[in-house]
Amino acid sequence: MDTERKSIPETLVDFHVHLFPDKGFDAIWKAFETVYQVPVLHRLYHGECVDYLRKRGVGPMVYSNYAHKQGIAGPMNLWNRQILDSTEDVYCFAAFHPDDPDAMEYTEKILDHPKVMGVKLHFLIQTFYPHDRRLYPLYEKILEKGKRLLMHIGTGPIGSNFTGVDFFKNVLADFPDLPANIPHMGGYEYRAFMNLLDAHNNLYLDTSYSFWPQFPGSFDLDNGFLEDHKDRILYGSDFPNIILPREDEIEGLLSRNLSQEFYDRVFYENGQRLIREVCDAQHVC
Ligand SMILES: [Zn+2]
């Protein structure tokens, strides 16, 4: 058996970071404390987050934010534009809310930004279903522009009436080629989401919140599942909204003693390739 200690690449691509305007972060951190009753480890605002990760070997990073109510996605995307234009090697899944009368207008504009990877939908927080017909124009636009979605649709770490793989399958029935990243490895329905990777070539999973050895509900499938899908898994930290150290999750993955190719692809090559495909395709990044 191969017992040689593996390593992560010197430069990492982090495909799941959050950057919000300060007020947004304040509200989220309060919710972690009062609603989820677990404080986040890092109360760092956007500039501090980027510096923190850069000092720890993160090169390209893809962040997201989302609108928990009507009326704020438009202004948030103006803020996103400023961040993208002033911060090197940072990419973004932008905000969207289907109840905004100008939703498709601001979406069309922000998707044209070369450093916008696509749009984030957070079904737990935004409380609508992925097969909600109000989202279909967005899905069509994403396909048309060659961009992607980051869809928090899994039942973990916290589920609701709006989350679960079956709802997501409804969308895939109508959009089998939907280019989507599913955070948290699709937890807690790990196996079902892994199976979807085989049937739908444009899906990726990210590792956030899934490999802390001390976290209940962590990824519980064999290494074979990870090796078989090593081209379709992206490293993501969920920084700064994490409740346990990001290093522990990296260590959790290393302690599984996967192949060196797994670590090289998941922590760097896959992320780099997607950024190149989606953003560099516009030649301006
Ligand atoms: Zn997240």
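## Report on a predicted model

Gln214 is exposed, because 8 other C-beta atoms lie within 10 Å of its own, and the cut-off for an exposed residue is 12 or fewer. The model discussed here is predicted. Gln214 sits in the loop between strand E7 (203-206) and helix H9 (223-228). Tyr106 is 108 residues away from Gln214 in sequence, and their C-alpha atoms are 41 Å apart in space.

**Overall form**

The protein contains 11 helices and 8 strands. Its radius of gyration is 18 Å, which agrees with the value near 19 Å that a compact globule of 285 residues would have. Along the principal axes, the C-alpha atoms fill a box of roughly 60 × 45 × 40 Å. Of the 285 residues, 44% are buried. Among contacts with a separation of 6 or more, 80% are between residues 24 or more positions apart.

**Core and strands**

The largest nonpolar core has 75 residues, and those with the most contacts inside it are Val17, Val62, Cys92, Ala94, Phe96 and Met117. Helix H11 (residues 260-278) gives the largest share of this core, with 8 residues. Leaving aside residues up to four places away in sequence, Phe96 touches Ala67, Ala73, Ala103, Thr107, Val119, Leu121 and Leu138.

Strand E4 (residues 116-122) is mostly covered, as 7 of its 7 residues are buried. E4 pairs with strand E3 (residues 90-94) in the parallel sense, over 3 bridges. Cys92 has Val116 of E4 as its bridge partner. Cys92 is also one of the residues with the most contacts inside the largest nonpolar core. In a regular strand, side chains alternate between the two faces of the sheet.

**Helix H11**

H11 has 19 residues, which at 1.5 Å a residue should span 27 Å; its end C-alpha atoms are 26 Å apart, in agreement with that value.

**Backbone exceptions**

Most residues other than glycine have a negative phi, and most peptide bonds are trans. The table lists departures from both patterns.

| Site | Feature | Angle |
|---|---|---|
| Gly156 to Pro157 | cis peptide bond | omega near -10 degrees |
| Gly187 to Tyr188 | cis peptide bond | omega about 5 degrees |
| Tyr209 | positive phi | phi near 65 degrees |
| Asn257 | positive phi | phi about 50 degrees |

Pro157 lies in the loop between strand E5 (148-152) and helix H7 (165-174). Tyr188 is in the loop between strand E6 (180-182) and helix H8 (190-199).

Tyr209 is placed in the loop between E7 and H9, and Gln214 is in the loop between these elements too. Tyr209 is buried, because 26 other C-beta atoms lie within 10 Å, and a residue needs 20 or more to be buried. Gln214, by contrast, is exposed, with 8 such atoms.

Asn257 is found in the loop between helix H10 (246-254) and H11. Asn257 has 14 C-beta neighbours inside 10 Å and therefore counts as partly exposed.

Notes:
Residues numbered from 1 in each chain as written. Predicted model: local features only at pLDDT ≥ 70, side-chain atom pairs only at ≥ 80, totals over all residues. Helix = DSSP H or I, 4+ residues; strand = E, 2+ residues; numbered from the N terminus. Rg over C-alpha atoms; globule rule 2.2 N^0.38 Å. Contact = placed C-beta atoms within 7 Å. Core = buried A, V, L, I, M, F, W, Y, C linked by C-beta atoms within 7 Å. Expected span 1.5 Å × (residues − 1). Pairing = 2+ DSSP bridges.
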